[in-house]
Amino acid sequence: MSANGSSESGCRSEVKPSNNTCSQKELSVTASIISMTVGIFSNSLALFILVKSYNRIRIKSKASFLLIASSLVVTDLLGHLINGSLVLFVYSSQKKWETFDPHRIVCSVFGMCMVFFGLSPLFLGSIMAVERCIGVTRPIFHSTTLVSRHMKRLLGLTWLLAALVAVLPVLLWRPYKVQSSRSWCFFPMEQPKDWLDVLLPLLFSMLGLLALLLSIVCNTLTSCALLQARLRHRHHCRGTPYHIEMIWQLLGIMLVSCVCWGPLLIHVIILSTRARDESTSFSLLTVVRMATWNQILDPWVYILLRKAVLRKIFLLCHSCWDSKSHNLHRWQHSMLCSSVEKSNPSDCRCLSRMPLPNAAIKSIA
């Protein structure tokens, strides 16, 4: 409370230019709180749905998928809690890093969390894509080799790899630095000292792009395999509806990741390989804000792209289309009758006794 009061009094005592700065600060804090709240709610709801499905499912292949999906949602949830709390702490301290973080401990933790919770969802998304590709194209190998114990080990190795990349700058004495907006920490993108300052952000971006590329390749192969199975009239095989539901979710995750993380990863590569100026630092903040939406949109993929929800959406669209087509047939029938009535009224009476196309189909059924 005292921090909020001091900031408000500081804002009131300033002139108009600084009032704009204070209003921008309040807007940033409000946006951070809203983003954090929506992200926590979305991931909690998705986690509840996934855990409920995991306890109810009896198909081993889908159980492995739900285990990885639940791990992804938990990672996104922790990312919102930790990163959001650090952002609010920085704003509550009025972004005076020299005062509350003289030894750069908070900045190092902030930077490591940014990298870890950035790479982990991309890695987990690629693992989900590989797991589904093997499950669809090599089901026997999947059922005998990719058991639950192995999947848990793979999840641990994935988090360990992301943590290693996040800790690497600290281990190499290339600590994270406060960015120009003074609200977050990341790799030293401006004026790198040597090749290590260029290599570390490149490593981060290349690993993220490699994970996205692996997801695209595996999801393409899985979709082609399912389409080929459909064309060969194998849709009656057991488990295919689950594959279709999971591939829709994978495509949604891949699309969200490419849209949210693609600009940041490419932008970091561009900034690492050319001279920087002040404008690029603000553009970096913009693409970072885009990347944070990945943790908000990911859970809605599992909430909306479920078989029950998709069935309701399909039935709703189908009923709307039927009503529109029925109204269209009635309008065509009335127009035809009115045009025939002018020429021959007896033909109009014959037309009025003819059933509409939908009514005729229902009578035949």
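User: What makes the space of about 690 Å³ a pocket?

Analyst: On a 1 Å grid over the protein atoms alone, a pocket is an open set of points with protein on both sides within 12 Å along at least five of seven lines. The largest pocket holds about 690 Å³, where a volume is the space filled by probe spheres set on the points. This is a predicted model; local features need pLDDT of at least 70, side-chain atom pairs need 80 or more, and totals for chains, interfaces and linings use all residues. Numbering runs from 1 along each chain as its sequence is written, and side-chain values use heavy atoms, without hydrogens and water.

User: Which residues line the largest pocket closest to its centre?

Analyst: Ser-32, Val-87, Val-288, Arg-289 and Thr-292, out of 29 lining residues. Lining means an atom within 4 Å of a point. Helix 2 (16-56), helix 3 (60-92), helix 5, helix 9 (240-272) and helix 10 (278-292) each give two or more residues.

User: How do you know what span to expect for helix 5?

Analyst: The expected span is 1.5 Å times one less than the number of residues. Helix 5 (residues 105-137) reaches 48 Å from its first C-alpha to its last, close to the 48 Å expected.

User: How many residues does the protein chain have, and what share is buried?

Analyst: The chain has 365 residues, and 41% are buried.

Methods. Helices (H or I, at least four residues) and strands (E, at least two) are DSSP runs, numbered from the N terminus. On a 1 Å grid over the protein atoms alone, a cavity is a set of points where a 1.4 Å probe fits but cannot get out, and a pocket is an open set with protein on both sides within 12 Å along at least five of seven lines; lining residues have an atom within 4 Å of a point. Buried means under 20% relative accessible area, exposed over 50%, partly exposed in between (1.4 Å probe, protein chains only).
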